[in-house]
Amino acid sequence: MTGKQMRQWRSMCKGLVLGTLLTSCMILLYCLSTPQIHVSLPEVPVPYSCAHRPSQLHSKATINSSQRNSGQTCVAKVDIMFMKTHKTASSTFLNILFRFGEKHRLKFAFPDSRNDFFYPSPFQRSQVKDYKPGMCFNIICNHMRFNAPEMAKLLPMDTSYITILRDPAELFESSFHYFGRLVPFTWKIPGDDKLTEFLLDPSKYFDPEGFNSFYLKNLLFFDFGQDNTLELDDPRVKEGIKLISDRFQLVMLVEHFEESLILLKDALCWEMDDLLFFKLNARKGSTVSKLTPELRARALEWNAIDWKLYQHFNQTFWKKVDAYGRQRMAEDVTELRERNKVMASICIEGGHAVEAGNIQETDMQPWQPIGEKSIMGYNLKKNVDKAHQKLCRKMLMPEIQYLTELGVNLWITKLWGHVRDIINW
């Protein structure tokens, strides 16, 4: 048998093995992760808060926009619902929340056996690990499909609701890259540049009833529990945006991440040290499709509801910045960036992210999309001084590993991870 025939035979065998394993594991995962049947739970009032307050939380002179120079003190708000939207730097913010929660010994509401709350099914309290009516939680932050009534029954009444949005054209490009292989109707798109081909005529390929189709149309609106297939002029679109606006105290923007964190610091009475971060789950530049003006316009037209949602909160965001003070904001952003640079010099080998193949520790390997090694990560600097060792490792730690360290049982997620590794073989 010639070398060429051997390679063809090996390739065919590999395909058969991978296909069989993938099909079997997908069936198993589907059965195991089928959303739980919702059982009516008794209504038990949620305590005001179960945080260690106020003596064990810091207080400081109030200098927010409404009480500037008042001399009053405020206490850090620790009851937080973070609506983790997809492909919006939310993993970076999650790392901030994890560290803040550990610092103040807060109680997280985590899912069981996986890293999301049975997404894309609507959130139910029963999906929280070890949940019993009346239990007190401070923070909930894993991926879910938002369900306001159920959330209100889980958290204290004065909980701060926070979320983050991203320019819908850029979000669509990222989602298509990351989730495209999990959406079966994309498999029939011809050519190498499937994104461009799809945007030239989305209706030719899109199936609203197709498996995982929500990843590729108005994903933000879907994450908030709304119907992502509505026409833009449907009154339910306006109603949905109003519901989100009424519920969330702060809607951050990826494109202005540092400014968003400063607004969060002001709203929740946090310290600047609480905001330190490294960008997690960043893609290497060669895998990012640069949208032409025409493709960007098409992406926004296709995701018209998300675009309307984004425009609405972009306006409210800058009103908050104006109330905070543009000059004051610029100074605080500069300070935050300088602090992050200092931490990078202390923590990161080489001072920057590296490709997946160059990450030395398994514990620092980020989750990769199927068939790709496009998500970058970090190497922890050798000989970090003892004062920063723990903080550096936490700041660099990918989401899955951090959840495991916090005691979350992720056996379904990890099983799916092994399947992905085999596919990437």
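A residue is taken as buried when its relative accessible area is under 20%. By this criterion, 51% of the 425 residues of the protein chain are buried in the predicted model. The chain contains 15 helices and 6 strands. Its accessible surface comes to about 20,600 Å², with 55% of that area belonging to carbon and sulfur atoms. Of the contacts between residues at least 6 apart in sequence, 74% join residues at least 24 apart.

Helix 2 is mostly covered, with 12 of its 14 residues buried. The buried residues are Ser-90, Ser-91, Thr-92, Phe-93, Leu-94, Asn-95, Ile-96, Leu-97, Phe-98, Arg-99, Phe-100 and Gly-101. From its first C-alpha to its last, helix 2 reaches 20 Å, close to the 20 Å expected at 1.5 Å a residue. Just after helix 2, Arg-105 adopts a positive phi of about 55°.

Helix 2 (residues 90-103) packs against helix 13 (residues 386-396); their axes come within 9 Å and cross at roughly 145°. Helix 2 contributes Asn-95, Arg-99 and Glu-102 to this contact, and helix 13 contributes Leu-391, Lys-394 and Met-395. By class, the contact comprises 2 nonpolar, 1 polar and 3 charged residues. An α-helix has 3.6 residues a turn, so residues three or four places apart point the same way. Asn-95 and Arg-99, which take part in the contact with helix 13, are also among the buried residues of helix 2.

The loop between strand 3 (80-83) and helix 2 holds Lys-84, and Thr-85 lies in this loop between strand 3 and helix 2 as well. Lys-84 has a relative accessible area of 2% and is therefore buried. Two polar contacts of its side chain were identified: one of 3.5 Å with the side chain of Ser-91, and one of 3.4 Å with the side chain of Glu-399. Not counting residues up to four places away in sequence, Lys-84 touches Ser-90, Ser-91, Leu-94, Cys-141, Asn-142, His-143 and Glu-399. Ser-90, Ser-91 and Leu-94 from this set are buried residues of helix 2.

Thr-85 has a relative accessibility of 0% and so counts as buried. A polar atom of the Thr-85 side chain lies 2.7 Å from the backbone oxygen of Ile-164. Beyond its neighbours within four places in sequence, Thr-85 is in contact with Ser-90, His-143, Thr-163, Ile-164, Leu-220, Asp-223 and Phe-224. Ser-90 and His-143 are touched by both Lys-84 and Thr-85.

A cis peptide bond, with omega of about 10°, joins Tyr-119 and Pro-120. Phe-118 is placed in the loop between helix 2 and strand 4 and has a positive phi of about 55°, although it is not a glycine. With a relative accessible area of 5%, which is under the 20% limit, Phe-118 is buried. Ser-113 is found in the loop between helix 2 and strand 4 too; this residue, likewise not a glycine, has a positive phi of about 80°. Its relative accessibility is 10%, so Ser-113 counts as buried.

Helix 9 (residues 257-268) is also mostly covered, since 11 of its 12 residues are under the 20% limit and thus buried. These are Phe-257, Glu-258, Glu-259, Ser-260, Leu-261, Ile-262, Leu-263, Leu-264, Lys-265, Asp-266 and Leu-268. At 1.5 Å a residue, the 12 residues of helix 9 should span 16 Å, and this agrees with the 16 Å between its end C-alpha atoms. Just after helix 9, Cys-269 takes a positive phi of about 60°.

Ser-345 is placed in helix 12 (residues 326-347). At 44% relative accessibility, Ser-345 counts as partly exposed, because partly exposed residues fall between the buried limit of 20% and the exposed limit of 50%. Ser-345 and Lys-381 are 36 residues apart in sequence, and their C-alpha atoms are 8.7 Å apart in space.

Definitions and conventions:
Residues are numbered from 1 along each chain as its sequence is written. This is a predicted model: local features need pLDDT of at least 70, side-chain atom pairs count only at pLDDT 80 or more; totals for chains, interfaces and linings use all residues. Side-chain values use heavy atoms; hydrogens and water are left out. Axes are lines fitted to C-alpha atoms, for helices over the stretch in contact, and angles run from 0 to 180 degrees between N-to-C directions. Helices (H or I, at least four residues) and strands (E, at least two) are DSSP runs, numbered from the N terminus. Contact means heavy atoms within 4.5 Å. Ala, Val, Leu, Ile, Met, Phe, Trp, Tyr, Cys and Pro count as nonpolar, Asp, Glu, Lys and Arg as charged, and the others, Gly among them, as polar. Buried means under 20% relative accessible area, exposed over 50%, partly exposed in between (1.4 Å probe, protein chains only). Accessible areas come from the Shrake-Rupley method with a 1.4 Å probe; for residues, only the protein chains shown count as cover. The expected span of a helix is 1.5 Å times one less than its number of residues. A polar contact is a pair of N or O atoms within 3.5 Å; within protein, one must be able to donate a hydrogen and the other to accept it, and residues adjacent in sequence count only if both atoms are side-chain atoms.
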